[in-house]
Amino acid sequence: MRKILVIGIGAGNPEHMTVQAIKALNRADVLLIPTKGAEKAYLADVRREICDRFLENSSCRILDYAVPVRRADGTYEDGVHDWHRAIAGIYERTLLNELGENQTLGLLVWGDPMLYDSTLRIVEHVRTAGNVAFETEVIPGITSVQALCAGHGIALNRIGLPVEITTGRRLSEGWPESSRDALVMLDGVQAFRTVEDPEAEIWWGAYLGTPHEILLSGKLADIAETITETRAKAREAHGWIMDTYLIRRPAGEEEGA
Ligand SMILES: C[S@@+](CC[C@H](N)C(=O)[O-])C[C@H]1O[C@@H](n2cnc3c(N)ncnc32)[C@H](O)[C@@H]1O
């Protein structure tokens, strides 16, 4: 039976690759690398560097594919749905046209496949379409959340307290009800600027794990402006940015902090 290996490759530093991920890379007969735009070009370069450093299987073929463009008209959900179907079509054609009966396709997923990544959902679309039979195996990777906490030398959670992992879009609609600690990803709107608590603290990181890594931390009210300016300058210099941050607000008395 054909196999899809979904391999978490870490969040930007090729040395995030685990021994398990390196072994998985070398089990693949075909590796698919997505390309598109300045950000994707950088991500594709990290994937290629990973292959250059760790791939010893000389018969493995590396195939680039252009990531389909997400439709901007219609609802967000429809756009994502169609986009996933289009990528599922690429996976399916690769399985059918590029792999033999017992061969393995490797997908190199940024960070870990379980965190704000749709690869596993897209693979399930391919399965339910029913045109090709295959097994799936997932190899975990170092996430940007881990890279952020390691960069700042902090623990993700306070003792006994939850952390909400959320998006910038959601945070901009209001502070989460479930937690005083929010880990924010996918923030194109700098939602930290909407948090008005004067006691809130932030740990911010961009390009984590890469040579461009930037780390800033402190009282949110004191450094929000610095983060906004740093982010804008870095984005202009590199043509893209990926940033993640943790905000902690003082825990209420009922939480016994
Ligand atoms: C589509 S999600 C993918 C997350 C990934 N699966 C993970 O495990 O980290 C992309 C978001 O992850 C965060 N991210 C990923 N890599 C990052 C990095 N090297 N530095 C900062 N943030 C990063 C950013 O918030 C970015 O908008």
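Predicted model: local features only at pLDDT ≥ 70, side-chain atom pairs only at ≥ 80, totals over all residues.
Residues are numbered from 1 along each chain as its sequence is written, and side-chain values use heavy atoms, with hydrogens and water left out.

**Parallel sheet**

- Five strands make up an open sheet with parallel pairing, in the order S3-S2-S4-S1-S5. Strands (E, at least two residues) and helices (H or I, at least four) are DSSP runs numbered from the N terminus, and two strands pair if DSSP finds at least two bridges between them.
- Strand S3 (61-66) and strand S5 (134-139) are at the edges with a single partner strand each, so one side of each has no neighbour in the sheet.
- From one strand to the next, the twist averages 25 degrees. Axes are lines fitted to C-alpha atoms, for helices over the stretch in contact, and angles run from 0 to 180 degrees between N-to-C directions.
- Strand S1 (residues 2-8) and strand S4 (residues 104-109) run parallel and are joined by six bridges. Leucine 5 has glycine 106 of S4 opposite.
- Helix H3 (residues 76-98) lies across S1, strand S2 (30-35), S3, S4 and S5, at about 150 degrees to S3; contact means heavy atoms within 4.5 Å.
- Helix H4 (residues 119-129) lies across S1, S4 and S5, and runs at about 175 degrees to S5.

**Mixed sheet**

- Another open sheet of five strands has mixed pairing and the order S6-S7-S10-S8-S9. Its edge strands, S6 (164-167) and S9 (214-219), each pair on one side only.
- On average, neighbouring strands here are turned by 15 degrees against each other, direction ignored.
- Strand S8 (residues 201-206) runs antiparallel to S9, with six bridges joining them. Isoleucine 202 has glycine 218 in S9 as its bridge partner.
- Helix H5 (residues 144-152) lies across strand S7 (181-185), S8, S9 and strand S10 (243-248), at about 115 degrees to S8.
- Helix H7 (residues 220-238) lies across S8, S9 and S10, and runs at about 160 degrees to S9.

- Domain 1 gives 14 residues to the contact and domain 2 gives 17 residues.
- About 1200 Å² is buried between domain 1 and domain 2, with 71% of this area from carbon and sulfur atoms. Buried area is the accessible area (1.4 Å probe) that two parts lose on being put together, summed over both.
- Helix H2 (residues 37-54) supplies four residues, the largest share of the side of domain 1 that touches domain 2.
- Between domain 1 and domain 2 the count is zero salt bridges.

**Salt bridges**

- The count comes to 15 salt bridges, each defined as a side-chain nitrogen of Lys or Arg within 4 Å of a carboxyl oxygen of Asp or Glu.
- Arginine 2 is in strand S1 and glutamate 101 in the loop between H3 and S4, so the pair ties together parts 99 residues apart in sequence.
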